[in-house]
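This report describes selected local features of the structure shown below.

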Amino acid sequence: MSDESHIKKVMKSSQTNSTKNADAPAVPRVRALVLRAPGINCDRETVQACRLAGFETDLVHINQLIKAPNPQRARGGSLLDYQLLVIPGGFSYGDDLGAGTLLAKNLTIHLGDQLRRFIDEGRPVLGICNGFQVLVRAGLLPGHPTDAVGATDAHPLGFAPAGPRATLTENASAMFECRWVRMAAQPSPCIFTRGIERPIEMPVAHGEGQFVLEDAIPKGHTVNRVPTHGDKSLAAHTSRPELTINNLPSVGAQFTVCPLGIAPLVDRLLSNGQVPLVYIEPGEAVVQPVAYPANPNGSLGNIAGICNARGNVFGLMPHPERFVTMLQHPQRRSSAGRQPDGLLIFKNAYEYALQCLHNSPQKTQHTPSSDLSPECRDPIYRVRCAPTSAELPTSAALPASAELPASAALPASATPLASVSYADSGVDIAAGEKAVKLMKDAVRATQGPEVLAGIGAFAGVFSAKALQKMRRPALVSSTDGVGTKTLIAAQAERYDTIGYDLVNHSINDLLMQGARPLFFMDYIAMGKLETIHAATIVKGIANACREAGCALLGGETAEMPDVYLPGAFDLAGTIVGVAEEDEIVNPQRGHSVSTISTGDVILGLPSNGLHTNGYSLARRVFAPYTLDTVFPELGEPLVDALLRPHRSYLHEITQLSDYLADRGRYIKGMAHITGGGFEGNITRILPSGMQAAIDTNTWSVPPLFQLIARLGNVPRAELYRALNMGIGVVVVLSPKSALEARCVLPELLTIGTIVEGEGVVLQF
């Protein structure tokens, strides 16, 4: 394969799917508006979450929306040109007048008519953290602010429209809470939580997240502070003055409130289905009275989120946009077919909006509530009736093993598909072409006259003319990957060094057989092709190849939606080299015989880090820490230590081999210390009857390995079985050759000897 195939294998097929049928109905555009305002800092990650769910998303500043309420003057059009409104988290307007207050005033004063129409038409509104506070301050939660007094359907709690009905005040802990929490979905008309039957996890990051209801505390009763020592009892006192929303105290201990008046109001919210999410204890699937820190802010009824009576306006304190890929979870939890918990919230909004558009094809914009289909008006339907694959033509798929007979008829409720392109299926040909353009120059820079077919060809062609000068040339090849180091690179969004890991690892494997590299071919797989990321990875591969004098002959970038989680990628490569047949190191039985014998010296070349092995163990150990953590032992951010590229030993091994050859000596054996550690790799080069005795006290173990051992309480034997522990390559030489080798390569360390026996023995 040539490097043009970085466009993807799938691009070799016909592109006729991208040609639209002029007579076919247009595919509905499901649009989301993410609101910007001064102080908001979660807007871009919220945009990404909406796009991952399927929305065509615009990030629009509140001032643009206010100044230009019609489509001709606003960047993204009016509010009514969208199917979803999201108010993201942050500190809108600096929270100088109370969290969310100014932004709420801007919305209700300047965009009140549009906003009410948006909600009345059943379109979804999502407020996250500070956005939740905005919805509450605007009077949209728990109910609509302009409904008539006494309309019990609109005001199930009997609240009057004047003044606030609820508020979000300081956390009961009087501290900013930043942690992951566990929640359970409750029976609710909320369209954002429908179909969620298992406990879910998301992070919180707030100082004012305690949900409090107006008039929750009767006159003569006060808040009672309850220490967080396991006492979950409720108590009421009459010795303190009346306590209202406006003078709730900030306290250092968790507090609960008297049940008189509060429990009935919370119960009414719950019975009306307006509490879609509640906090639960870790590991508990059943909702129970929840203490701090599982309930991070002290909200009554363990409330994590509130919706309006209709279910299309939802506010929650946890951040769903921060768990839209499995990489974002500190423990990288995943299972087959399971989507990240935060993405479920956005997916539900997308499926609901898409369903409404399909059921009202002629009213995709400014559709009155009365004109919507029953499915989009009835909140009970939205909760209890999960969409079928027929109702969700682009977001749901049949199992891979399922087949539909040619004669099968569509269900009566099925909506016929509009014309579908390859991009609609998740494969973006244009993005692949852009990625190739970005990486072409770097790939070409590795190719000399020996490359006869490269960019644009169906397969790479490498001239073997130079091999004619060799006596008995033997081709040597190796295929490998970089393991879960890709997860660290993706999490840190550093893609410029992972290509070096792949190439250098492969070159080192080739060197162990005494070969020199000729050409390299890579393979990158992503769930969604990010052109800049893919091009950056390939540029790293190309740069490493160029430094090694190796041609990057070709490769492939595959875009495979549903196979890889969003944000994740895999990386592998194949290297081909050449060696004189009678100079091959580490020969296998049946060919030339190994010359390793008792008394030979085992030397080690230091590693510069984990290289490309042991990352599953390292990620498990460092899961509680952020990547920018600076441990005193390391003296640098953790991410720098973990992503340091795999060291290439090409220069050192070539120099040593040439030096010894000039003196009539040779390398007897070499082992690349990768997966399997010392025993797993050194054993592969030992002839029968020979044993490698390694003295682990002959070198200093680098701080990163010591840190993994300490934090993970990893047994010493396990460390040397999984990690390189500071030794990247082992070289076996005769005693005299070892003395000379240390002259040319002073960094060589004597770490053991060859004795009679079998296998590898580590001496601690």
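## A buried asparagine in a loop

Asn171 is buried, with a relative accessible area of 1%. The model is a predicted one, and in it Asn171 is found in the loop between strand S5 (166–169) and strand S6 (177–185). Two backbone oxygens lie by the side chain of Asn171: that of Met175 is 2.9 Å from one of its polar atoms, and that of His206 is likewise 2.9 Å from a polar atom of this side chain.

Leaving aside residues up to four places away in sequence, Asn171 touches Phe176, Glu177, His206, Gly207, Glu208, Gly209, Gln210, Pro296 and Asn297.

## Backbone exceptions

Most residues other than glycine have a negative phi, and most peptide bonds are trans. Ala174 has a phi near 60°, a positive value in a residue other than glycine. Ala174 is placed in the loop between S5 and S6, and is partly exposed, with a relative accessible area of 44%. His611 also has a positive phi, of about 60°, although it is not a glycine. His611 belongs to the loop between S20 and helix H14 (615–622); it is buried, with a relative accessible area of 1%.

Two cis peptide bonds may be noted. One joins Leu141 and Pro142, with omega about 5°; Pro142 is in the loop between helix H5 (130–137) and S5. The other runs from Tyr292 to Pro293, with omega near 5°, and Pro293 is in the loop between strand S11 (277–280) and strand S12 (303–307).

## Strand S12 and its partners

How many of the five residues of S12 are buried? Five of five are, and S12 is described as mostly covered. S12 pairs with S11 in the antiparallel sense over two bridges, where Val278 has Ile303 of S12 as its bridge partner.

S12 also pairs with strand S13 (residues 313–316), again in the antiparallel sense, over three bridges. Ile306 has Gly315 of S13 as its bridge partner. S12 and S13 form a hairpin with five residues between the strands, and in this hairpin Gly311 takes a positive phi near 95°.

## The buried face of helix H3

Helix H3 spans residues 101–110, and its buried residues are Thr101, Leu103, Ala104, Asn106 and Leu107. An α-helix has 3.6 residues a turn, so residues three or four places apart point the same way. The elements that cover the buried residues of H3 include strand S1 (31–36), helix H2 (62–67), strand S3 (84–87), helix H4 (112–120) and H5.

## A six-stranded sheet

Six strands form an open sheet in the order S21-S23-S20-S24-S22-S25, with mixed pairing. Strand S21 (669–672) and strand S25 (759–763) are the edge strands, each pairing on one side only. From one strand to the next, the twist averages 25°. Strands of a sheet pair through backbone hydrogen bonds, either parallel or antiparallel.

Within this sheet, S20 (residues 601–606) and S24 (residues 749–756) pair in the antiparallel sense over four bridges. Val601 stands opposite Thr753 in S24. Helix H16 (residues 650–661) lies across S20, S21 and strand S23 (727–733), and runs at about 10° to S23.

## Helices H16 and H20

The axes of H16 and H20 come within 10 Å and cross at roughly 130°. The crossing is right-handed. Gln655, Leu656, Tyr659 and Leu660 in H16 meet Ser737, Glu740, Ala741 and Val744 in H20.

Cys743 lies in H20, which covers residues 735–744. Is Cys743 buried or exposed? Its relative accessible area is 61%, and Cys743 is therefore exposed, since exposed means over 50%. The C-alpha atoms of Cys743 and Leu656 are separated by 9.9 Å, although these residues are 87 residues apart along the chain.

Conventions:
Residues numbered from 1 in each chain as written. Predicted model: local features only at pLDDT ≥ 70, side-chain atom pairs only at ≥ 80, totals over all residues. Heavy atoms only, no water. Pairing = 2+ DSSP bridges. Axes fitted to C-alpha atoms, helices over the stretch in contact; angles between N-to-C directions. Contact = heavy atoms within 4.5 Å. Buried < 20%, exposed > 50% of the residue type's maximum accessible area, 1.4 Å probe, protein only. Polar contact = N/O pair within 3.5 Å; in protein donor to acceptor, adjacent residues only side chain to side chain. Left-handed = near helix turned anticlockwise from the far one by under 90°.
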